[in-house]
Amino acid sequence: MNNKPYLIAEIAQAHDGSLGILHSYIDAVAQTGVQAIKFQMHIAEAESSIHEPFRVKFSKEDATRYDYWKRMEFTLEQWKSIKKHCDEVGLDFICSPFSNLAVDWLEEVGVHTYKVGSGEVNNFLLLEKITQTGKPIIISSGMSSFAELDKTVDFLKSKKADFSILQCTTAYPTKPEQFGLNVISELKERYKVTIGFSDHSAKISTGIAAVALGAEILEFHVVFNRSMFGPDAIASLTLEETKQLVEAVNEIHVAQNNPINKNSNEDFRELKSIFEKSLAINKNLPQGHILTFADLESKKPKGYGISAADFEKVIGRQLNTNMSQWDFLNEEDLA
C-alpha cells in the first residue's frame, strides 16, 4: 500500500440540525489530520413515505423519526456554504445521498465523492443516478450478503464506475465479535478494488487493526462528546481520539512500507556481537578434568572464548590446564 490510508470523519447527524454546530465540526475535524469529512443529505419528502415503519417517536424533541429527518435538513444554499467551508480548511467533502433529488443537489454543491449507505447498496435507481455523475463512489457493505454485493459490483463495473467498498457492520456500537475484520481480505480477493473499513465501534484499536489488515480507507463517526444526543453518538470517536487514531494508522502505514528482510542481519552485526556470549567455566577445575554441561557458563561478549553456540563441541573433552571460576574457555585450554 503506497498511499496513506484515506481517513474519513463521518459527521452524520452529530450536528443535530444546527448549521452552527456543523460548521464547528468542520473546523474541529480539520485539526485532526483526516483527509475527508462526510455528511448525510436527507430530504425527508424525497426519501420517506408515510408507510415507513421507521417513523416512530425516538426522541423527546421529535414526534416521529420523519420529523427528526426534517429537522436534520439544510437548504441548498446552506449546503453550498458547508462545501465552501470544507474547501477552505482542506477537507474533501463526501456525502451520502438518500434520494435522486439529493444527488441533483450534491452536483450543484460540488461533492468530491459519493458514499452509498448500507441500505442503498441494491437501490439501482440511486446507483444509476450517481454513476451518471462520473464521481468516485464508496459503498458500505453493512447489510449486504456477497450475493447482493456481486450484483452491485457487476452493475457498477458495467457503468465503468470508479468505486471502492467498505467492510461495515450495521450495529451501533459494533461489538468485537461483529467487526468482520476477516472480510477485508475476502473483499480484496473477490472484487480487486480498493477496500476499506467503516467503523462504528467507538474504539481507536478497531481502526488501527483494520489498517494493519489492509484497509485502505477508514471511515468512522466523530462527535464532540459521546454523551450528546444523536443515534450515532455512542458509536463515535471524540475529536481527541480521532487525532490519536490518525497518528497511529499513519505510523502503521510507514511500517507497512518498510518491510524487514530477515535474511539480511548486517545492520545488527556490531550490536549482536555485544549481546552474544562466549563459553566460560563456572567453577575452579583442575588439569585433566573432563568437561560436562554442568561445568559451563556463557558470558558476554562474544569473541573472548569458544562461542556459546558451540557448547556441545566441548562436552567430554579434557582440560589441559588448571582453570579458575569464570575463566573464558578457549580451544588452547582443551586437550
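Predicted model: local features only at pLDDT ≥ 70, side-chain atom pairs only at ≥ 80, totals over all residues.
Figure 1. For context, most residues other than glycine have a negative phi, and most peptide bonds are trans.

**Figure 2. Trp-326, another non-glycine residue with a positive phi.** Here phi is about 75 degrees. You will find Trp-326 in the segment after β10. With a relative accessibility of 40%, Trp-326 counts as partly exposed.

**Figure 3. Ser-96 in strand β3.** The strand covers residues 92-97, and Ser-96 is buried within the fold's model, at a relative accessible area of 2%. Follow the side chain of Ser-96 and you come to the backbone oxygen of Lys-115, 3.1 Å away. Beyond its neighbours within four places in sequence, Ser-96 is in contact with Lys-38, Phe-39, Gln-40 and Met-41, as well as with Lys-115.

**Figure 4. Helices α6 and α7 packed together.** Helix α6 spans residues 124-131 and helix α7 spans residues 146-158; their axes are 11 Å apart and meet at an angle of about 30 degrees. That angle makes α6 roughly parallel to α7. The crossing of α6 past α7 is right-handed. From α6 come Phe-124, Leu-127, Glu-128 and Thr-131, which meet Lys-151, Thr-152, Phe-155 and Leu-156 of α7. By type, the residues of this contact divide into 4 nonpolar, 2 polar and 2 charged.

Figure 5. A polar atom of the Asn-284 side chain lies 2.8 Å from the backbone nitrogen of Gln-325. Setting aside neighbours within four places in sequence, Asn-284 is in contact with Met-323, Ser-324 and Gln-325. If you zoom out to Ala-171, 113 residues away along the chain, the C-alpha atoms of Ala-171 and Asn-284 are separated by 71 Å.

**Figure 6. Cis peptide bonds at Pro-173 and Pro-301.** Tyr-172 and Pro-173 are joined by a cis peptide bond with omega about -10 degrees, and Pro-173 lies in the loop between β6 (163-168) and α8 (182-191). The bond from Lys-300 to Pro-301 is also cis, with omega near 0 degrees; Pro-301 is found in the segment after β10.

Conventions: Residues numbered from 1 in each chain as written. Heavy atoms only, no water. Helix = DSSP H or I, 4+ residues; strand = E, 2+ residues; numbered from the N terminus. Buried < 20%, exposed > 50% of the residue type's maximum accessible area, 1.4 Å probe, protein only. Polar contact = N/O pair within 3.5 Å; in protein donor to acceptor, adjacent residues only side chain to side chain. Contact = heavy atoms within 4.5 Å. Axes fitted to C-alpha atoms, helices over the stretch in contact; angles between N-to-C directions. Parallel < 35°, antiparallel > 145°, perpendicular 65-115°, else oblique. Left-handed = near helix turned anticlockwise from the far one by under 90°. Nonpolar A, V, L, I, M, F, W, Y, C, P; charged D, E, K, R; others polar.
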